[in-house]
Amino acid sequence: MSGDHQHADVSNTPVSRLWGALGLTGGFMLAEVVGGILTGSLALISDAMHMLTDAAALAIALVAIHVGRRPSDLLRTYGYARFEILAAAFNALLLLAVAFYILYEAWQRLSLPQEIQSAGMLLIAVVGLVVNLISMRLLTSHKEESLNVRGAYLEVWSDMLGSVAVIAGAAIIWFTGWQWVDSLLAVGIGFMVFPRTWVLLKACVNILLEGVPPGMRLADVHAAITTVPDVASVHDLHLWAITQSQPSLTAHIVLAEDADGETVRRAIEQRLRDEFDLHHTTLQMERESCAPSEHIH
């Protein structure tokens with residue numbers, strides 16, 4: 001039997017505000033790409049890549065909400081929640097490719113600097129900062145109520161720092177004429193993207209491989225189950241996540257002699273909820289072990 005599992009963060013997410021922030025961020029991202037090409041600023045293009053991570057985070061949050069409300073069917077018994085993970089993995093790979101291109105282009109420009117239209121670069125960066133501040137305002141009142149909104153808020157907050165850096169760089173180029181500052185900024189913004197992208201890709205791969213969710217240890221879960229009264233042993237224990245916010249567990253529980261299976265099951269589920277916040281559990285109660293040897297999978 002399975003325990004209850006709820007998705008409060010999905011129901012509490014303000015979809016209209018996410019769409020508003022996505023429209024602002026995505027629209028200005030395109031403007032930065034065009035502006036970077038027209039002004040010759042690699043830093044603007046790099047910051048556009050940075051804003052792409054924000055737009056992707058917002059889009060993934062919206063996908064998570066949409067698929068989270070779709071019911072499962074006879075072909076997809078877990079529903080369509082994994083689309084969120086596939087989209088995030090594709091986004092991470094795309095960002096890594098763009099980041100490597102930015103670094104390569106910056107290296108080329110350091111040896112052969114290009115003329116940068118600092119006034120246009122400054123104007124676009126200021127508009128970008130305003131867009132980020134508006135997006136943050138749209139999300140800030142709900143960021144503590146929803147994991148989706150909190151992640152999107154942090155992405156926009158990070159990009160706001162990138163806009164400030166581009167403004168400072170444009171001002172330096174304007175007053176000093178140091179064209180190489182643009183390439184240096186592009187490299188800096190690119191390296192800001194790398195750690196976030198790597199963490200995202202690593203999390204996606206772990207979920208797709210049905211690895212143990214971050215923050216949990218299989219040995220700790222096993223120990224917690226075995227200390228429940230009337231549990232003789234545990235085997236075929238599996239712990240994974242359907243999506244980042246949906247950890248799941250299955251296990252075979254060998255009962256002590258004369259133990260009541262329903263009572264033990266309820267006690268295990270209560271402990272898993274209290275100690276690990278695990279709500280989606282499937283436990284098979286056994287009088288004799290069906291495994292050839294006691295082990296943890």
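Tutor: Keep in mind that this is a predicted model. Start with helix α2 (residues 15-39) and helix α5 (residues 118-140): their axes come within 9 Å and cross at roughly 170°.

Student: So how do α2 and α5 run, roughly parallel or roughly antiparallel?
Tutor: Roughly antiparallel. Angles over 145 degrees count that way, so roughly 170° qualifies.

Student: Which residues of α2 and α5 meet?
Tutor: On the α2 side, they include L18, L24 and F28. On the α5 side, M121, I124 and V127 are among them. By class, the contact has eleven nonpolar, seven polar and three charged residues.

Student: What about A125, buried or exposed?
Tutor: A125 belongs to helix α5. A125 has a relative accessible area of 1%. Buried means under 20%, so A125 is buried.

Student: What does A125 touch, beyond its neighbours within four places in sequence?
Tutor: L44, S163, V166 and I167. Also look at D47: it sits 78 residues from A125 in sequence, yet their C-alpha atoms are 9.0 Å apart in space.

Student: New topic. What's the strand order in the open sheet?
Tutor: β1-β2-β3, three strands with mixed pairing. β1 (231-241) and β3 (280-286) are the edge strands, each pairing on one side only. From one strand to the next, the twist averages 15°.

Student: How many bridges join β1 to β2?
Tutor: Eight, and the two strands run antiparallel. H238 stands opposite T250 in β2.

Student: Which helix lies across β1 and β2?
Tutor: Helix α8 (residues 218-226), running at about 145° to β1.

How values were computed: Residues are numbered from 1 along each chain as its sequence is written. This is a predicted model: local features need pLDDT of at least 70, side-chain atom pairs count only at pLDDT 80 or more; totals for chains, interfaces and linings use all residues. Side-chain values use heavy atoms; hydrogens and water are left out. Axes are lines fitted to C-alpha atoms, for helices over the stretch in contact, and angles run from 0 to 180 degrees between N-to-C directions. Helices (H or I, at least four residues) and strands (E, at least two) are DSSP runs, numbered from the N terminus. Angles under 35 degrees count as roughly parallel, over 145 as roughly antiparallel, 65 to 115 as roughly perpendicular and the rest as oblique. Contact means heavy atoms within 4.5 Å. Ala, Val, Leu, Ile, Met, Phe, Trp, Tyr, Cys and Pro count as nonpolar, Asp, Glu, Lys and Arg as charged, and the others, Gly among them, as polar. Buried means under 20% relative accessible area, exposed over 50%, partly exposed in between (1.4 Å probe, protein chains only). Two strands pair if DSSP finds at least two bridges between them.
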